[in-house]
Amino acid sequence: MNSLAGRRILITGISRGIGLETARLFLAEGAELVGVGQNAARLAEVQHELDPTGERVTVVAQDLARVDAQKRILAAVEKRWNALDVLLNNAGIQIDAGAHGLVDGKEATLVRSMEVNLMAPYRLSLALLPLLARGKEPRIVNVSSGAGTFAAMREAQIASYRLSKWALNGLTLLLSGELAGKVAVNAFDPGWVKTDLGGPNAPGSPLESARGALSIVTLPFSETGKFWKDGREIPF
Ligand SMILES: NC(=O)c1ccc[n+]([C@@H]2O[C@H](COP(=O)([O-])OP(=O)(O)OC[C@H]3O[C@@H](n4cnc5c(N)ncnc54)[C@H](OP(=O)(O)O)[C@@H]3O)[C@@H](O)[C@H]2O)c1
């Protein structure tokens, strides 16, 4: 029950779904959190629910697709800890309409998907590197998807989502190489679970994803550059 005692963790997409359930589990395991979402009113409710004393959770309302979003998030983490142990890039969107692929879909869908699912984790990771350098066994975990594997690129539908998650997997590999020995960088498939994004027919629950996330942030620090699901390594 104390596997994350004192760990300083930033979770994006904390306002609902997998991020919210992960925040609950991480707090139960002793972590301290900064959480990011877009909707300030919703974040205030979440903060009150997670941490009525206001001592263990700080929230930052920010649209991660904005090119300067990382500046306010960096400032909040600097003020809180001036260091960071874990960046969990969890916030994500799946906005492909119906059965559209790249050919019949809209360019704006791909651009927005890339902004939120790829560019935001990229910008946030780079902005937070100086704070991660002051962290204990620092690590970045990118919440990816089974829809973003190499094999899944041969499947139709949700093409913008697939491409953005495939690119996120690439970002994971590139950063893990560049940051070897300094920051562990891994990707995580949370499975298909019931959330606003996953929909009501998903077979799993966000708690299962949260347990998966816990297994990644408690991996030995030497584990880096890998893709994980349910505590096991899977192919990119
Ligand atoms: N659910 C699944 O079956 C499934 C499967 C595979 C992978 N995933 C991945 O798991 C992660 C979490 O998914 P979920 O199912 O929990 O989704 P969700 O229920 O739709 O929640 C998405 C979260 O991301 C935040 N977010 C979205 N766009 C944002 C932006 N521009 N700026 C800041 N925050 C933003 C949302 O905040 P607001 O409420 O403020 O918008 C919300 O907290 C995503 O990366 C998703 O791709 C999910």
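Ile-234 is found in strand 8 (residues 232–234); helices (H or I, at least four residues) and strands (E, at least two) are DSSP runs, numbered from the N terminus. The model is predicted, so local features need pLDDT of at least 70 and side-chain atom pairs count only at pLDDT 80 or more, while totals for chains, interfaces and linings use all residues. Residues are numbered from 1 along each chain as its sequence is written.

Ile-234 counts as partly exposed because it has 14 C-beta neighbours inside 10 Å. A residue is buried if 20 or more other C-beta atoms lie within 10 Å of its own, exposed if 12 or fewer, and partly exposed in between, with C-beta atoms placed from the backbone. Leaving aside neighbours within four places in sequence, Ile-234 is in contact with Asp-189, Phe-227, Trp-228 and Lys-229; contact is defined by C-beta atoms, placed from the backbone, that lie within 7 Å.

Glu-32 lies in strand 2 and is buried, with 20 other C-beta atoms within 10 Å. Not counting residues up to four places away in sequence, Glu-32 touches Gly-6, Arg-8 and Arg-56. Two C-alpha separations that involve these residues are tabulated here.

| Residue pair | Distance along the chain | C-alpha separation |
|---|---|---|
| Ile-234 and Asp-189 | 45 residues | 9.0 Å |
| Glu-32 and Asp-104 | 72 residues | 44 Å |

**Parallel strands**

Strand 1 (residues 8–12) is mostly covered, as five of its five residues are buried. Arg-8, Leu-10 and Thr-12 are on one side and Ile-9 and Ile-11 on the other, and both faces are covered.

Strand 1 runs parallel to strand 2 (residues 32–37) and is joined to it by five bridges; two strands pair if DSSP finds at least two bridges between them. The partner of Ile-9 in strand 2 is Leu-33. From strand 1 the chain passes through helix 1 (residues 17–28) to strand 2 in a right-handed β-α-β crossover. A crossover is right-handed if, with the strands pointing away from the viewer, the path from the first strand over the helix to the second runs clockwise.

Strand 1 also pairs with strand 4 (residues 86–89), in the parallel sense and over three bridges. There the bridge partner of Ile-9 is Val-86.

Strand 2 is joined in parallel to strand 3 (residues 57–61) by five bridges, and Val-34 has Thr-58 as its bridge partner in strand 3. The β-α-β crossover from strand 2 through helix 2 to strand 3 is right-handed.

Buried residues of helix 1 include Ile-18, Leu-20, Ala-23 and Phe-26. The buried residues of this helix pack against strand 1, strand 2, helix 2 (40–50), strand 5 (139–143) and helix 6 (206–217). Helix 1 is followed by Gly-30, whose phi is positive, near 100 degrees.

The ligand is surrounded by 31 residues, of which Gly-13, Gly-17, Gln-38, Gly-92 and Gly-198 are the closest; a residue is near a molecule if its C-beta atom, placed from the backbone, lies within 6 Å of it. Helix 1 and strand 2 are the elements that give two or more residues to this shell, and helix 1 gives the most, with three residues.

Conventions
Contact = placed C-beta atoms within 7 Å.
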